[in-house]
Amino acid sequence: MVAAPLLEVQSIRKSFSKPDGGELFVLDDINLTLREGEIVGLLGRSGSGKSTLLRLIAGLSRPAGGSITYLGRPLEGPPPGIAMVFQSFALFPWLTVLENVELGLEALGLPREETRRRAIAAIDMIGLDGFESAYPRELSGGMRQRVGFARALVVHPNILLMDEPFSALDVLTAETLRTDFLELWSRGKLPIKGVILVTHNIEEAVLMCDRVLVFATNPGRIVSEIKVDLTHPRDRLDPRFRDLVERTYVELTATRTPERPAARPERIAGAGIGTILPRVSSNLLSGLLETIAAPPYGGQADLPVIAASLNMEIDDLFPVAETLQMLRFVEVAGGDIRLNPEGRRFAEADTDERKRLFAHHLLTYIALAAHIRRVLDERPSHQAPWSRFADELEDHMSPEAAEQTLRAVISWGRYAEIFAYDDHTQIFSLENPS
Amino acid sequence: MTRVVPPVAVGARRSILSFWDLVACLLVLGALVFLAETGRELLQPLPKPGMNAVTLDPSMLPEYAARTTLRMLAAMVLSILFTFTYATWAAKSRRAEVVLLPLLDILQSVPILGFISVTVVFFMSLAPGVMLGAELAAVFAIFTSQAWNMAFSFYQSLRTIPEELTEVARSFRINPWMRFWRIEVPFAMPALVWNMMMSMSGGWFFVVASEAISVGGTTVTLPGIGSYIALAIERRDLGAICWAIAAMLLVILTYDQLLFRPLVAWADRFRFERETGLPPPRSWVLTMLTRSRLIAEATAPLVVAWRWTYRVASRPPKRAKTTTTDERTVHAIDRLWHTAVIAVAAFALWKVAQFVSTGVSSAEVGRAFLCGLATMARVFVLLAIASLIWVPIGVWIGLRPGVARVAQPAAQFMAAFPANLFFPFAVSTIVAFRLDPNIWLSPLMILGTQWYILFNVIAGASSIPSELRDIAKNLRLRGWLWWRRIALPAVFPFYVTGAITASGGSWNASIVAEVVSWGRDRLQAYGLGAYIADATEKGDIHRIVLGVAVMSLFVVVLNRLFWRPLYRHAERKFRLA
């Protein structure tokens, strides 16, 4: 039985222009179909463009190429019948719960009585009775997100778009909201016909979705699709559930390297000048190395296991693991992370030795760090302004990414003591106060 | 605690002087020249207005106070209308923004006080009745002291509405009219109310100064507290001045209780940030209004009608325009627009050049410039003295919450009180002791504006986290080291905000503070304010324009080269997150 598609996304591309006139792709060749009765998950790390895709579907921005078809008609602007739930709740602090929920109905120009009746019904359904006259600031995070859900559902949309709706909540609250939602959904009590859920939480994706689309970064693209055939309510301890989680981890870690061929084969992680570096503190790097080196892992760990034991989500854990891989202290493959001899040496060394080792790896494997050091060495003044490197990076990436990359390399460079940076004058130099 | 907002545009724009700033300068200057020329032509048929419109009878004061208050209200309504239209236009249109924003910034620096005489003549020519024209001119003068910072604040709010809120609005397809009133205005409200209060404070000063104006020998008098004071000065009547001060005190207190307290308490619900840890502002008037059934019943039809406008605005379900406008067309329109702006600016340049070349010699420009330097020196010396006095006191008060609760409103009240009411006391003293006006008139410039330093520093000191204070005690930091490492850095950003306001206000005040009279005694200091005041009295329109232009130049350049960089530095280095 194949239901007619609610929504079809065909070869969508989204880009923004670089200062030199070129284009940088945020999304490349995205295809996705949402059928009636489906929850589709978009899973990926931050920066993989999944939220951008959601906004394209919501009609909030326009693609650079490709088409989006909603109920058989091409999408132009925000369509009626697609509602959205936001990570930050996006409630209006000056409106009460009831007024927030009524807003969408007012915009439709519905009569006063009907507006009130439908809003009250939505509030009842979502479990907010008694809170009608409260202001958002008086509510807990969980209650606020319930308002977010009620506001989206009250307009009786066909499609509900959810942008990491549970990630700003604590673990217990998030779980309650998820199960409440799934219960309403599987009992057919919700007016919606299909759901697209953006998440970076693997377990959440497997718990809620019928299909999970795995995204890779730079440019954002779909690399695989995982079908979840378990019936609701799903049991997280079910071996089949664990299998799916493990498989998703493998897919996510396998999809790292972009299609661009490495200039030199030994540059595995592609830490060339154009690589966007994550802002990861050296404390986290040392911490993860130490944890993996210590029992019970003894040098090798399963990523889902270590993520669970450290209570880190993939957006927290992956950048650390990747940075360590770029610096060649670990190898990440097949959902596992393994220390190499250098990584082990680092874990066992004292502070000074660690700094020496880190400096060596930083200069050898992170092209940007080596580049900054070389420029500073070559200049007679041994100084260079921030803009010198920011401009160069912006040829390869967006200004925000360039800033993030520079900040990351500054923090590592400081730890390694290979250069200094004065944020006040915005000047790189070789003078460390001694 | 009070929200601290810098009164000049210190936003993200990095460049010190952009092309658009120059355009804006020219436009403002051109408009001034236009006003002046029109005014000069119309100077002749001006009928002689009634000279004895005001008496010193204290029983007349309530009426005068009411008239003054009405002028303030009219100007405030105008300012709000201006804010909602001008700022919205600037925020919504990329093309309008490049002109409107620098224009606002320059307008903010023009000492309109020096130009009141010209606007009086202009407005009198517009209105058939003499009094109406003068009233319009006074309202316009107050408007110019209030509107700019309100518009700035509204513009900034519109530009900083959180992305998700706009997205919610768009995904629900809320029409622009409804979006403006349900989302944009509420979001901007707290900052706007705060700026309205600041504007009001400035406005009282202007209303007093604009009610009795002499232009080229003719004096135009509008019944009000300002003209009452002017008459009292002419008659050397200290008793009457005390009456006026008492009346003003009452008026401002009433205003505060009936208008601003409720507004602030009401606007608090629009705060976007989370809890501040402070008790929400309260107002007995607001409580009364919201609890009154009568008010609720009276306003219910209005609310229904208002909602109806939302529906009407959304009635024609406009097809989403296929806004795939060709990029080349966009560029062409851009070019056309820029050409038009530059053409107008060039015309303004030509007008200004013509005006200057016919009436102003280069020696005159030099003289005005030297006067400007004198006034600048005065402003900086006074700021330094006021800082030396008020920073330590402000820190002392700010660290004691009990004292701060009393002192903070008092300082804000003092800032709102028109300092020109106190001038006669100082002037009569200077006359009596034959003091040097060049020195002793100077403090008058900062009399009303020093309070901005005080209440900002109080706000800064009370926001020092208690952990920081504890660690200072723990490390036994004391004396100068404590000031240098803890107190001064912590209050510095707040201090700079206060100093910027104080400096701007002092420049403006120099026009009324560098030339003062007491009966027939006339004291004059050497400075740009005196230069403008002198030209106004003689009706010499060329010198007025020159003086105003030079003063604007000084203020703009100081803002760009000194205050803004200082503010940015303070924000970066010392702001406690």
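**Note on the predicted two-chain model**

1. Thr83(B) is found in helix α2 of chain B, in what is a predicted model. Because its relative accessibility is 1%, below the 20% under which a residue is called buried, Thr83(B) counts as buried. Leaving aside its neighbours within four places in sequence, Thr83(B) has contacts with Thr88(B), Ala147(B), Met150(B), Ala151(B), Phe154(B) and Leu192(B).

2. Helix α2 of chain B, which spans residues 61-92, also holds Thr68(B). Thr68(B), at 1% relative accessibility, counts as buried. When residues up to four places away in sequence are not counted, Thr68(B) touches Trp204(B), Val207(B), Glu211(B), Gly224(B) and Ile225(B).

3. For chain B as a whole, 22 helices and four strands are assigned, and 51% of the 577 residues count as buried. Among the contacts in chain B with a separation of 6 or more, 83% are between residues 24 or more positions apart. The accessible surface of chain B comes to about 27,300 Å², and carbon and sulfur atoms account for 67% of that area.

4. One backbone point in chain B deserves a look: Arg173(B), a residue other than glycine, has a positive phi near 55 degrees. Arg173(B) is placed in the loop between α6 (163-171) and α7 (176-210) of chain B, and at 43% relative accessibility it counts as partly exposed. Most residues other than glycine have a negative phi.

5. Turning to chain A, His156(A) likewise is not a glycine and yet has a positive phi, of about 50 degrees. The loop that holds His156(A) runs between α4 (141-153) and β7 (159-163) of chain A, and His156(A) counts as partly exposed, with a relative accessibility of 47%.

6. One joins His232(A) and Pro233(A), with omega at about -5 degrees, and Pro233(A) is in the loop between β10 (221-227) and α7 (239-254) of chain A. Another joins Pro295(A) and Pro296(A), with omega at about 5 degrees, and Pro296(A) belongs to the loop between α8 (282-293) and β11 (300-302) of chain A. Most peptide bonds are trans.

7. In helix α9 of chain A (residues 303-310), the buried residues are Leu303(A), Pro304(A), Ile306(A) and Ala307(A). Viewed down the axis of α9(A), these buried residues fall within an arc of 170 degrees, so they line one face of the helix. Just after α9(A), Asn311(A) takes a positive phi of about 55 degrees.

8. How do α12(A) and α15(A) lie relative to each other? The axes of helix α12 (residues 351-365) and helix α15 (residues 399-416), both of chain A, come within 8 Å and cross at roughly 135 degrees, and the two helices are therefore oblique to each other. From α12(A) the contact draws on Arg354(A), Lys355(A), Phe358(A), Ala359(A) and Leu362(A), and from α15(A) on Trp412(A), Gly413(A), Tyr415(A) and Ala416(A). By class, the residues of this contact comprise six nonpolar, one polar and two charged.

9. Finally, Ala205(A) lies in helix α6 (residues 202-208) of chain A and is buried, with a relative accessible area of 0%. Apart from neighbours within four places in sequence, Ala205(A) is in contact with Leu43(A), Thr199(A) and Val212(A). Ala205(A) and Val228(A), which are 23 residues apart in sequence, have a C-alpha to C-alpha distance of 9.3 Å.

Terms used:
Residues numbered from 1 in each chain as written. Chains lettered and ligands numbered in written order. Predicted model: local features only at pLDDT ≥ 70, side-chain atom pairs only at ≥ 80, totals over all residues. Heavy atoms only, no water. Axes fitted to C-alpha atoms, helices over the stretch in contact; angles between N-to-C directions. Parallel < 35°, antiparallel > 145°, perpendicular 65-115°, else oblique. Contact = heavy atoms within 4.5 Å. Nonpolar A, V, L, I, M, F, W, Y, C, P; charged D, E, K, R; others polar. Buried < 20%, exposed > 50% of the residue type's maximum accessible area, 1.4 Å probe, protein only. Areas by Shrake-Rupley, 256 points an atom, 1.4 Å probe, with all protein chains shown as cover. Arc of directions from axis to C-beta.
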